[in-house]
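Hello,

Here is the structure I promised to pass on.

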Amino acid sequence: GPMYTTITPADHFQFDLGKSVEGEFYYYHKGDSLLIYTRRRVGRGPHDGVQSYRGYPGIHIFCPPLKGIHIINGFANLENQAGRKGVSANLLLDSTQLWVGAYDFEKDSVRQVEPWDTLTVHAVNSSVVFNRQAHVKMVDLRLDDASQLEDRFSTLDTGRIQGDQNTFIHMRGKNFQKIRLDALVHSAP
């Protein structure tokens, strides 16, 4: 549901809720999954500006394996400010905005480089933004159903981007030359 989620690689799983928003979240354990959601807020469009997510309740998730993460109708910030080496992530986004690289609403400052090995993202009607501190060795994106990618001067070493006829890609030349672009024959169901 509509929330501002920060996902950070860590040695142990935990999540932090601020006291001021604690009552807005619902969470439960189902099999090997933890589901976290909020019902009290109206969802934003995944292509709205980052400032439109400012009033969302915040949650900070620390987890060792950054895989199997499914985010629906929210805003997520994937950050590695600690500079942990060998970190990869695998995410499924549905009507969500994802920013790779720590972001501060108060100032658009350049922070230290945040290294990532492989980022695999399947985005359906979503927006993916790579901030300038993100340095990704291998990126594998599948952008379906009006999804978009924005490169804010990040460093991408290599990768592949698949998109359908409604995909929007804004990427600077230095990264564009290192990425293979493929058209999707079938869009997401």
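In what follows, two residues touch when they have heavy atoms within 4.5 Å of each other. Please keep in mind that this is a predicted model.

With that in place, let me begin with Asn-77. This residue sits in strand S7 and is buried, its relative accessible area being 2%. Which residues does Asn-77 touch, once those up to four places away in sequence are set aside? The contacts are Tyr-4, Thr-5, Thr-6, Ile-7, Trp-99, Gly-101, Ala-102 and Tyr-103.

Two of those names, Tyr-4 and Trp-99, return when we turn to the aromatic rings. Searching the whole structure gives three aromatic pairs. In one of them, the ring centres of Tyr-4 and Phe-75 are 4.7 Å apart and the planes meet at 15°, so this pair is stacked; the cut-off for stacking is an angle under 30 degrees. Tyr-4 belongs to strand S1 (residues 4-9) and Phe-75 to strand S7 (residues 75-78), so the pair ties together parts that lie 71 residues apart in sequence. Are these two residues buried or exposed? Both Tyr-4 and Phe-75 are buried, and for Phe-75 the relative accessibility is 0%.

Phe-75 also pairs with Trp-99. Here the distance is 6.2 Å centre to centre and the angle between the planes is 40°, which makes the pair tilted. Trp-99 is part of strand S9 (residues 97-100) while Phe-75 is in strand S7, so this pair ties together parts 24 residues apart in sequence. Trp-99 counts as buried because its relative accessibility is 6%, and the cut-off for buried is under 20%. Taken together, ring pairs join Tyr-4, Phe-75 and Trp-99 into a cluster.

What does Val-87 contact, leaving aside neighbours within four places in sequence? The list is Pro-9, Leu-66, Asn-80, Trp-116, Asp-117 and Thr-118.

Enjoy looking through it, and do write back with any questions.

Best wishes

Conventions:
Residues numbered from 1 in each chain as written. Predicted model: local features only at pLDDT ≥ 70, side-chain atom pairs only at ≥ 80, totals over all residues. Heavy atoms only, no water. Phe/Tyr/Trp six-rings, centres within 6.5 Å; stacked < 30°, edge-to-face > 60°. Helix = DSSP H or I, 4+ residues; strand = E, 2+ residues; numbered from the N terminus. Buried < 20%, exposed > 50% of the residue type's maximum accessible area, 1.4 Å probe, protein only.
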